[in-house]
Structures are given as C-alpha cells and as structure tokens.
Amino acid sequence: MKKAFAILALAGLLVMPALAAPEEFSSTTISIGVVVTDLDKSVDFYTNVVGMVQTGGFEIGGEFSKKSGLADGNAAQVKVLRLGQGENATQWKLMSFGDKAKPLKNDFIHSHTGMRYITLQVKDLTPVLERIKARNIKLLGETPVPLGGSNHFILIQDPDGTFIELIGPMKTTP
C-alpha cells in the first residue's frame with residue numbers, strides 16, 4: 001500500500017509542471033481590474049498620489065457585459081493605469097458601473113475576502129509621502145514604519161478602501 005502511494009505521489013509530481021506551463025501565456029503581465037465608486041476620484045488618487053500613469057481607457061457595453069459574464073447587462077467605463085512605462089508594466093484597470101457598485105467598509109485587511117491590498121516598491125518614499133500629506137490622506141497605523149536598512153513601510157487606503165502598501169527607502173525627511 002505504501003509503495004503504491006509513493007508511486008502515485010511521484011507520478012503526480014512528474015505531471016504537475018505540465019499543468020501550468022509558463023509558455024502557455026502570451027504575456028507575463030497581470031492586468032488587475034478594480035471596481036470603483038467614483039472613477040475620476042480614483043484616477044486622481046492613483047495618478048497624483050500613488051504615481052501611476054494613465055495610458056488609456058475604454059467602455060464595456062451592456063450587451064458585452066452580459067454575454068461575457070462580467071456584469072448583468074450594465075455598461076462600464078474603464079480607465080487603464082500603468083505602474084511605470086512599457087508594455088510589460090502592470091496594468092491597474094479602474095472600472096465604474098455608475099452607482100451600481102457599493103463599497104465595503106475595510107477597517108483591516110482581514111475584514112473581507114478577495115483582493116485586499118497591493119504592495120508597491122518605490123525608489124524613494126519621500127515624494128510619495130509628501131503627496132499623501134498634501135492631499136490629507138490618512139496614514140494607517142504608525143506608518144511610516146522602519147523595516148530595517150533604509151526601507152520603510154507606509155499603509156494608506158484608496159477612495160474605496162483598498163489598502164495600498166508602499167515600501168522603499170526614505171532618502172530625505174519630508
């Protein structure tokens with residue numbers, strides 16, 4: 001019995017790599033869609049506070065939303081932001097369905113399931129922290145918190161409560 005189990009386990013390990021072969025993907029960039037309540041406010045936050053770059057946008061028509069299973073026939077506006085330049089930069093797609101989507105209150109990362117936060121590594125936290133303070137965005141906890149070496153950790157929330165972790169050195173004191 002033990003020998004049969006060992007053979008099955010070994011066979012499973014040999015087959016596993018074939019299940020998720022990286023060469024199956026035409027791009028290694030992950031595009032992340034985030035439903036927001038106020039598209040303009042969220043675009044402003046992610047471009048002028050976080051530092052993403054808006055690279056485009058498009059509409060999802062009601063018929064397509066229903067046929068594709070994305071929504072129940074509600075149209076959406078989408079703004080595409082990127083973390084940096086180039087076609088391989090992460091895409092952050094902000095989607096608005098008008099007044100159809102309702103925000104969840106996110107007191108802590110463990111308040112709900114699903115995507116709760118993103119982590120962004122920056123070269124210098126100082127200008128980011130200056131933009132956060134200029135916009136009166138609340139720093140959560142006792143951030144910035146030193147992580148060792150020159151890196152620090154900052155935690156904020158976007159207009160709909162998604163947590164944003166920012167990690168990097170503070171080259172000057174703001």
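## Basis of the description

The structure is a predicted model, in which local features need pLDDT of at least 70 and side-chain atom pairs count only at pLDDT 80 or more, while totals for chains, interfaces and linings use all residues. Residues are numbered from 1 along each chain as its sequence is written, and side-chain values use heavy atoms, with hydrogens and water left out.

## The sheet of S1 to S4

Helices (H or I, at least four residues) and strands (E, at least two) are DSSP runs numbered from the N terminus, and two strands are taken to pair if DSSP finds at least two bridges between them. On these terms, four strands in the order S1-S4-S3-S2 make up an open sheet with mixed pairing. Strand S1 (31-35) and strand S2 (53-60) stand at its edges with a single partner strand each, so one side of each is left without a neighbour in the sheet. Neighbouring strands of this sheet are turned by 25° against each other on average, direction ignored; axes here are lines fitted to C-alpha atoms, for helices over the stretch in contact, and angles run from 0 to 180 degrees between N-to-C directions.

Strand S3 (residues 76-82) and strand S4 (residues 91-96) run antiparallel and are joined by six bridges, and Val78 has Met95 in S4 as its bridge partner. Helix H2 packs on the sheet, touching S2, S3 and S4 (contact means heavy atoms within 4.5 Å), and its direction makes about 160° with that of S4.

## The sheet of S5 to S8

A further open sheet of four strands has the order S5-S8-S7-S6, again with mixed pairing. Its edge strands are strand S5 (117-121) and strand S6 (145-148), each of which pairs on one side only, and its neighbouring strands are turned by 25° against each other on average, direction ignored.

S6 pairs with strand S7 (residues 151-157) in the antiparallel sense over three bridges, and Gly148 stands opposite Asn151 in S7. Helix H4 (residues 125-134) lies across S7 and strand S8 (163-169), running at about 140° to S8.

Most residues other than glycine have a negative phi, and most peptide bonds are trans. Asn136, although not a glycine, has a positive phi of about 55°. The peptide bond from Thr143 to Pro144 is cis, with omega near 5°, and Pro144 also lies in the loop between H4 and S6.

A search of the whole structure finds two salt bridges (a side-chain nitrogen of Lys or Arg within 4 Å of a carboxyl oxygen of Asp or Glu). In one of them, the side chains of Arg135 and Asp44 meet at 2.4 Å, N to O. Arg135 lies in the loop between H4 and S6 and Asp44 in helix H2 (residues 39-50), so the pair ties together parts that are 91 residues apart in sequence.

## Pockets

On a 1 Å grid over the protein atoms alone, a pocket is an open set of points where a 1.4 Å probe fits, with protein on both sides within 12 Å along at least five of seven lines, and lining residues have an atom within 4 Å of a point. Grid points are joined across faces, edges and corners, and a volume is the space filled by probe spheres set on the points. The largest pocket holds about 310 Å³ of space and is lined by 15 residues, of which Val34, Val35, Arg116, Asp160 and Thr162 lie nearest its centre.

The second largest pocket has a volume of about 230 Å³, and among its 14 lining residues Val50, Leu83, Gln121, Val122 and Lys123 lie nearest the centre. S5 and H4 each supply at least two residues of this lining, and the largest share, three residues, comes from H4.
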